[in-house]
Amino acid sequence: MQGFSKVILKKGKDESLLRFHPWIFSGAIQKIKGPVEEGDVVAVYNHERRFLGFGHYQIGSIMVRVFSFEEEVPDLAFWTEKIASAWKLRQDIGLAERQDTNVFRLIHGEGDGMPGLIVDYYNGTVVYQAHSVGMWLNRSLIAEAIRNVLGERVSTIYDKSAKTLPFKADVEPEDGYLWGESTTHEVMEYGNKFEVDWETGQKTGFFVDQRENRKLLADYAKDRDVLNMFCYSGGFSFYAMNGGARMVHSVDASAKAIELTNRNVELNFPGDQRHEAFTADAFDFMREIKDKYDLIVLDPPAFAKHQRVVRQALQGYKKLNARAFSQIRPGGIVFTFSCSQAVSKDQFRQAVFSGAAIAQRKVRILHQLTQPADHPIDIYHPEGEYLKGLVLYVE
Ligand code: SAH
């Protein structure tokens with residue numbers, strides 16, 4: 001391929017690529033022909049010079065993230081086709097056209113064949129979040145492709161990559177609007193209204209990935225006293241209130257999150273006395289909650305951001321769940337989650353199991369939860385499965 005530096009793999013190191021796995025580790029590379037800088041598009045070949053794909057070059061143990069296994073130049077038409085395929089999936093699963101929901105994930109990294117890129121859709125505003133320099137350098141092109149495909153469905157594109165690019169990268173990104181400027185920050189998820197602050201909020205502004213799990217919670221909320229621990233902007237709390245909860249307590253360590261939660265509760269349930277929010281550390285708050293609640297949600301931030309700290313993270317999950325199990329009322333229900341990619345489903349379940357054993361309660365699994373359909377997992381890239389949840393009945 002003319003115009004692109006070439007990454008040549010060692011003999012035998014092309015197998016995972018031939019099975020469409022998109023990551024190339026540094027140890028698999030025999031040599032690089034031509035100058036490369038972090039974020040460049042490179043063409044990948046096996047040791048016999050057979051073309052394998054195009055990817056973004058990066059410095060680190062994953063050296064190339066492949067976004068195409070075809071021999072076609074990644075220009076505007078190429079990216080437009082990629083976005084069209086992602087948009088089609090959201091249409092085919094019925095999400096793009098719903099009347100009661102106008103927030104969803106449009107691009108989920110490897111799950112949509114675009115490693116290093118997250119794009120969320122918020123009622124006309126698209127939030128673009130690059131996790132690789134390559135996807136950040138391509139932002140104008142991809143933003144144009146998004147406009148090509150979504151047409152009037154998009155009014156604003158905001159780039160929020162300043163905090164998510166690899167910290168060693170030699171670039172100085174600033175967050176800002178790539179196109180348009182937003183006026184409305186209100187979105188709707190299954191009829192619940194949320195104010196989303198993509199400019200200063202966590203992640204892209206909202207935890208889009210808990211939509212289906214929040215919806216399930218409503219089924220269990222009737223006449224229960226609910227603790228929504230790690231509430232962020234209050235998502236699980238509204239579903240609990242909609243489901244007929246007697247009382248809902250939302251807790252988060254961030255004062256800003258509690259402010260957001262209170263604003264959102266007022267938006268959906270003005271003057272409703274059933275809800276109260278507390279700024280507190282989870283472990284402190286949960287020290288003395290004996291028999292206070294009969295539905296507890298535990299949705300902590302990723303305890304393990306790297307493989308190195310998995311053991312420590314598992315201890316955290318164990319301790320947190322033990323606190324909930326030991327104090328929840330008999331007949332109570334726990335919704336417990338881990339969004340750590342580095343922690344496997346089995347490891348998480350084992351940690352929750354240990355928590356139950358510490359609490360010496362009889363616990364049964366009612367549901368096993370995961371990420372929703374707009375966070376698809378490429379079957380050739382099982383690492384894309386990151387959200388794990390269990391709904392448990394505590395006797
Ligand atoms: N359940 C939320 C998302 C939770 S994200 C939703 O549905 O939208 C994790 C949250 O945990 C963040 O808001 C973060 O501020 C909060 N957090 C992090 N550490 C905490 C701690 N030690 N105690 C309480 N909250 C914490």
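Tutor: Let us begin with a charge and a ring: the charged end of Arg139 sits over the ring of Trp136, 4.0 Å from its centre. This is a predicted model, in which local features need pLDDT of at least 70, side-chain atom pairs count only at pLDDT 80 or more, and totals for chains, interfaces and linings use all residues. Residues are numbered from 1 along each chain as its sequence is written, and side-chain values use heavy atoms, leaving out hydrogens and water.

Student: Why is the charged end of Arg139 said to sit over the ring of Trp136?

Tutor: The term asks that NZ of Lys or CZ of Arg be within 6 Å of the ring centre and within 35 degrees of the ring normal; Arg139 is listed as sitting over Trp136, at 4.0 Å. Likewise, the charged end of Lys319 sits over the ring of Phe283, 4.8 Å from its centre.

Student: What makes Phe78 and Trp79 an aromatic pair, and of which kind?

Tutor: Rings of Phe, Tyr and Trp (its six-membered ring) pair if their centres lie within 6.5 Å, and planes under 30 degrees apart count as stacked, over 60 as edge-to-face and the rest as tilted. With 5.0 Å centre to centre and 80 degrees between the planes, Phe78 and Trp79 are therefore an edge-to-face pair.

Student: How do you know whether Phe78 is buried or exposed?

Tutor: Buried means under 20% relative accessible area, exposed over 50%, and partly exposed in between (1.4 Å probe, protein chains only). Phe78 has 7%, so Phe78 is buried, and Trp79, at 0%, counts as buried too.
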